[in-house]
Amino acid sequence: MVTEVKKRAGKKRTHDRIFFACLVTLPLIHFFVFYICVNFNSILLAFKSYNSDSGYSWAGLQNFKNLFSDFGKFTFYKKALKNSMLVFLVGTTVSTVLALLFSYYIYKKASRGKNVFKVLLFMPSIISSIAMATMFKQFADSAIPKLIQTVFHKEVQGLLQNPDTTMGAIIFYNVWIGFGVNILLYLGAMNNISESVVEAAKLDGVTFVSEFFKITLPLVFGTVQTLLVVAIGGIFINQASLVSFFGTTSEEEFFTIGYWLYKETVKNTLNNSNAGLPQLSAFGLLLTFITVPVVYLFNWLTKKFGPSAE
Amino acid sequence: MKEKTKRKFSLSPLSLVIFVILILYVISLLVPLLWSLLTSVKGRLDYLNNPFGLPKKWLFSNYKTAAENFASNISTNKGVRTVQIWEMLLNSLLFSLGSAFIGTFVTCIMAYASARFNFFMSKIIYGIVIVTMILPIVGSLPSEIQLVKTLGLYDSMLGMWLMKAGFLGMHFLIFYGVFKVLPKDFSEAAYVDGASNLAVMLKIILPLVRNAFFTIMLIKFIDFWNDYYMTMSFMPNIKTLAFGLYEYSQSYKPAISSAPMKLAGCCILAVPILILFFCFHNKIMGNVSMGGIKE
């Protein structure tokens, strides 16, 4: 009897194994091809060069040498690096602070209008980035100058047309459009805070401000940390909506690293020219080597020194 | 007690300041959208003389002109061909629906296998998802394009569906959470009755998670509908509406160079998705939170 049960369990286990293998094999092959092979190929590509006659050949560290030499020669690398850091620092700081404040307000106060706020704040994420950016561009370049002319009788250029205000307008747009979703994520985390913790704090006479710093922030810090890690990981990927605003013809002054990498890749692909791809891969590899330790260091630091839920 | 504390909080000047800034932010989101909708039905002169008021004459014909000017040329084996907006709409639907369905299905199946079968590989799959989410890889697009071209998937709808048939990302974790908390009673009763693993999955488990499946598929559909980077990078000759709008917004054609015409083009892409969002916002926003999906 016991042997029969064991046999049946063994048979079930074998069937489970076969079924499990059937389910996961194709997706794992997909992962191998589109993640492992892509990234492995990216590393190989960084050490190759392309010639239209002979195709790809091994180039050793030449792409990296060219990259460092170009860094000294062309100013746009430094500008792109500066803009990427600016978009990240201003964008992340303002977005995180405002998103936390707004979500805390909705969590504590706006119990009746919560759903309306949620829908309105989520709306920009639903509309295509190209449609949103075009609407903003028309508003900033056409409507705002007309408004200023009507009210102040003063002729001004559009915010995205005037080189002095373009970068500011780009950063403003990215913050304005970007933190609605973060509010929803923080709000979700705040709603998970146990009611008994909040009630106990209230009995201790906690105020609106002290409750935020002593109870809410430590308990949602995991979500804050995750979103910050994602933001740091995206420093050199972020195109700051430049493709949506200017296509592939943005002025060099406003380049970000992410925009430049994307623009050059698309340009090479559409022209069927592979010559530029190895150096772009080398640049990507270099940036990955910079970003990975920064992300892990930040993760470690915030875990060690960030607010604790205890 | 709670009400008393709430009333006490209401008097805080800081909360009042936050409330005012929040309202200003929400208004700032709504104003450009409403302005765009109104401007999209104005004439060029009407807009120049009256950029903020109601249209003197509601020119819905702007949408017809915009739709006609979405047309774009592509190169085929037989030469250059013009793609009209209807073909772009069809491409958008095929790309968004196909990619959303296959992406959601594969993610759901992988999460099911990983959450419900206690094998060593299940833990590996979960680990793969977590590691790839926190590993920031920059600049792999050239390699991806090269690989897609080598595999013969470049500039092909089937190729795009295949590319999107992956399981990595946040949605895997949402499905994983759903399957982990789903009671095992139904499936175990079915196993006792002699049901196979496939029958249990198709007839019992998948119907139980249909809400989560629909919600994630809807979110993916909206993402793909709005995505023009994929068309730009991987299928330049299969133009979608989003890519059509990208070309339209960058175009200097006199017929569509005015603000009302540019905005009419934006509305063609944005309005259908906004309608979809308002119809299903409870499903999209009510079901999904950072912790998972409520069934």
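Visitor: Let's start in chain B: which residue of β2(B) does Ser75(B) stand opposite?
Guide: This is a predicted model, where local features need pLDDT of at least 70, side-chain atom pairs count only at pLDDT 80 or more, and totals for chains, interfaces and linings use all residues. Residues are numbered from 1 along each chain as its sequence is written, with chains lettered from A and ligands numbered from 1 in the order in which they are written. In β2(B), the residue opposite Ser75(B) is Val80(B).

Visitor: How many bridges hold those two strands as a pair?
Guide: Pairing here takes at least two bridges found by DSSP between the strands. A hairpin links β1(B) to β2(B) through two residues. The two strands run antiparallel, and their bridges number five.

Visitor: Over in chain A, how many residues lie between β1(A) and β2(A) in their hairpin?
Guide: β1 (residues 48–51) and β2 (residues 55–58) of chain A pair in the antiparallel sense over four bridges. Lys48(A) faces Trp58(A) in β2(A) across that pair. Between the strands of this hairpin, the residues number three.

Visitor: What distance separates the centres of the two domains of chain A?
Guide: The bounds, from an automatic or database domain assignment, are 2–45 for domain 1 and 74–305 for domain 2 of chain A. Taken over C-alpha atoms, the distance between the two centres is 38 Å.

Visitor: And in chain B, which element gives the most residues to the side of domain 1 that touches domain 2?
Guide: Chain B is split into domain 1 (2–62) and domain 2 (64–293), with centres 31 Å apart over C-alpha atoms. Their contact (C-beta atoms, placed from the backbone, within 7 Å) takes 10 residues from domain 1 and 11 residues from domain 2 of chain B. Elements giving two or more residues on the domain 1 side are α2 (13–39), α3 (44–49) and α4 (61–68) of chain B. With three residues, the one that gives the most is α2(B).

Visitor: Now the chains together: which element supplies the largest share of the side of chain A that touches chain B?
Guide: 74 residues of chain A meet 74 residues of chain B. Helices supplying at least two residues each on the chain A side include α1 (2–45), α3 (75–108) and α11 (277–305). The largest share is 17 residues, and it comes from α1(A).

Visitor: Why does Ile124(B) count as exposed?
Guide: Ile124(B) sits in helix α6 (residues 120–134) of chain B. The rule counts other C-beta atoms, placed from the backbone, within 10 Å of a residue's own: 20 or more is buried, 12 or fewer exposed, and in between partly exposed. Ile124(B) is exposed because its C-beta neighbours inside 10 Å number 12.

Visitor: Which residues of chain A are in contact with Ala242(B)?
Guide: Leave aside its neighbours within four places in sequence, and Ala242(B) has chain B contacts including Trp225(B), Tyr228(B) and Leu269(B). From chain A, its contacts are Ser128(A) and Ile130(A).

Note on methods. Two residues are in contact if their C-beta atoms, placed from the backbone, lie within 7 Å.
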